[in-house]
Amino acid sequence: MVSRFKRSVHDLQTRWLQRRIPPSPRYQLNLKNVFIFPSRFGFGFLLTCVGLFILGTNYQNNLMLLLCQFLLAIFLLHLFVSYRNFTAVSLSLKDIQPVYVSEHALLCLQLHVNNEDLPFYGGLHIQLRGTSLALLHRRADQDREVKLLLPAAQRGIFRLPRITLSSTYPLGLFRCWTHLDFNKSIAIYPKPIASALKLTSTDASQGDTAGNVAGIDEFDSLRSFKPGDPMNRVAWKQAAKGGELSTKIFNQAQQEGGWLSLETYAGEPLEKALGLLTYQINRLSSQQHVFGLNIGNKRIEPATGEAHKHRCLQSLARYRQPEQDYAAD
């Protein structure tokens, strides 16, 4: 019953925030997206003022009443100073680079001062809403980048929750805060597991796969050295033993039309199979080899390059894993 009530309140608050502070790649802090309220220390300060007022009135002590009015003036002035300082910046979030399971993604929030004549002072407290991840950046006025490490516990594509930013500058009497949604996602790829390459060849006329392809780094044969041959292909060990200068030949023809397939590891647990494919995708991409990927009902045509690599890795991350909100636990 209690958990259902909390969930209803949370959903109501989320819908209200969607209307009040809609998603945006960059925010300028203002009255529409900033909240301000006395802190615990501020309420204690007010309680002290009330006590001084009661004592001053009861004993007809004008100095005590004057002190009470002076402290209240400081309290109200602090309200405007806190708000002006907090709204002196606009904020943007850098793209979060993909990581592998068990690593940490880097969240980098940038502060841009709107007017150098009215700079931002003090520090910022940053927290991912709905999680325990938080950081107090005490020198945000000098180092205008706030960085937070996000643990990658499981693979998938995760929506970044709202980021709560708050400040109690200058005296801590008021707390200014906001909940910002930068509409970013975190891609967490399966953890690579070292393995031998297992490519399959596809024959378009026969339909599906037609047997295993030998590893693309497999040595094939030697031939006599010819001027212009790459020096890293020369068989130096044989030459050192007094033999003639020869060039190593690798079977490059078997690379074309090579495919990685999840079905190759049908007997392995799913996460291990995805980790094996992750390692092979990274290896093939680093060597600039052409390859394709078959995973479930999805088929990625053979290609090469960083964009192709990340397209394949994202397919592994999404496999049987619907997009969901990021949770640190």
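Mentor: Start with a term. A nonpolar core is a set of buried Ala, Val, Leu, Ile, Met, Phe, Trp, Tyr and Cys residues joined through side-chain atoms within 4.5 Å. Keep in mind that this is a predicted model.

Trainee: Which residues touch the most other members of the largest nonpolar core?

Mentor: Leu107, Leu128, Leu150, Leu160 and Ile163 do, in a core of 41 residues. Strands β3 (89-93), β5 (104-113), β6 (124-128), β8 (145-151), β10 (163-167), β11 (174-180) and β12 (185-189) each give two or more residues to this core. The most come from β5, with five residues.

Trainee: What is Leu150 in contact with, beyond its neighbours within four places in sequence?

Mentor: Its partners include Leu107, Leu128 and Leu160. Glu103, His104, Ala105, Leu133, Ile186 and Tyr326 complete the list. Another core lies apart from the largest one. That other core has 24 residues, among them Ala187, Leu197, Leu199 and Leu276.

Trainee: Now the whole chain. How many helices and strands does it have, and what share of its residues is buried?

Mentor: There are six helices and 20 strands. Of the 329 residues, 39% count as buried. The chain exposes about 19200 Å², and carbon and sulfur atoms supply 56% of that area. Look at the contacts between residues at least 6 apart in sequence: 66% of them join residues at least 24 apart.

Trainee: Why is Ser246 called buried?

Mentor: Set the value against the cut-off. Buried means under 20% relative accessible area. Ser246 has 4%, so it counts as buried. This residue is in strand β16 (residues 246-250). Setting aside neighbours within four places, Ser246 contacts Leu222, Arg223, Phe225, Arg233, Val234, Ala235 and Gln238. Its C-alpha is 9.7 Å from that of Asp229, 17 residues away in sequence.

Trainee: Thr87 is in a loop. Is it buried or exposed, and how do you know?

Mentor: Use the cut-off of 20% again. Thr87 has 14% relative accessibility, so it counts as buried. The loop runs between α3 (62-86) and β3. Beyond four places in sequence, Thr87 touches Gln28, Leu29, Asn30, Val34 and Asn114. Take Gln28: it is 59 residues from Thr87 in sequence, yet the two C-alpha atoms are 7.5 Å apart.

Trainee: What makes Gly51 neither buried nor exposed?

Mentor: Two limits matter here. Buried is under 20%, exposed is over 50%, and partly exposed is in between. Gly51 has 28%, so it is partly exposed. Gly51 belongs to helix α2 (residues 40-59). Its C-alpha is 8.7 Å from that of Cys68, 17 residues along the chain.

Trainee: Why do Ser102 and Asn183 count as exposed?

Mentor: Exposed means over 50%. Ser102 has 51%, so it counts as exposed. Asn183 has 61%, so it counts as exposed too.

Trainee: Which kind of peptide bond joins Tyr169 and Pro170, cis or trans?

Mentor: A cis bond, with omega about 0°. Pro170 lies in the loop between β10 and β11.

Trainee: Last one. What are the positions of α5 and α6, and what makes their pairing parallel or antiparallel?

Mentor: The axes of α5 (residues 270-286) and α6 (residues 306-318) come within 10 Å and cross at roughly 180°. Angles over 145 degrees count as roughly antiparallel. So α5 is roughly antiparallel to α6. On the α5 side, the contact uses Leu274, Leu277, Thr278, Ile281, Asn282 and Ser285. On the α6 side, it uses Lys309, Cys312, Leu313 and Leu316. By class, that contact has six nonpolar, three polar and one charged residues.

Terms used. Residues numbered from 1 in each chain as written. Predicted model: local features only at pLDDT ≥ 70, side-chain atom pairs only at ≥ 80, totals over all residues. Heavy atoms only, no water. Helix = DSSP H or I, 4+ residues; strand = E, 2+ residues; numbered from the N terminus. Buried < 20%, exposed > 50% of the residue type's maximum accessible area, 1.4 Å probe, protein only. Contact = heavy atoms within 4.5 Å. Areas by Shrake-Rupley, 256 points an atom, 1.4 Å probe, with all protein chains shown as cover. Axes fitted to C-alpha atoms, helices over the stretch in contact; angles between N-to-C directions. Parallel < 35°, antiparallel > 145°, perpendicular 65-115°, else oblique. Nonpolar A, V, L, I, M, F, W, Y, C, P; charged D, E, K, R; others polar.
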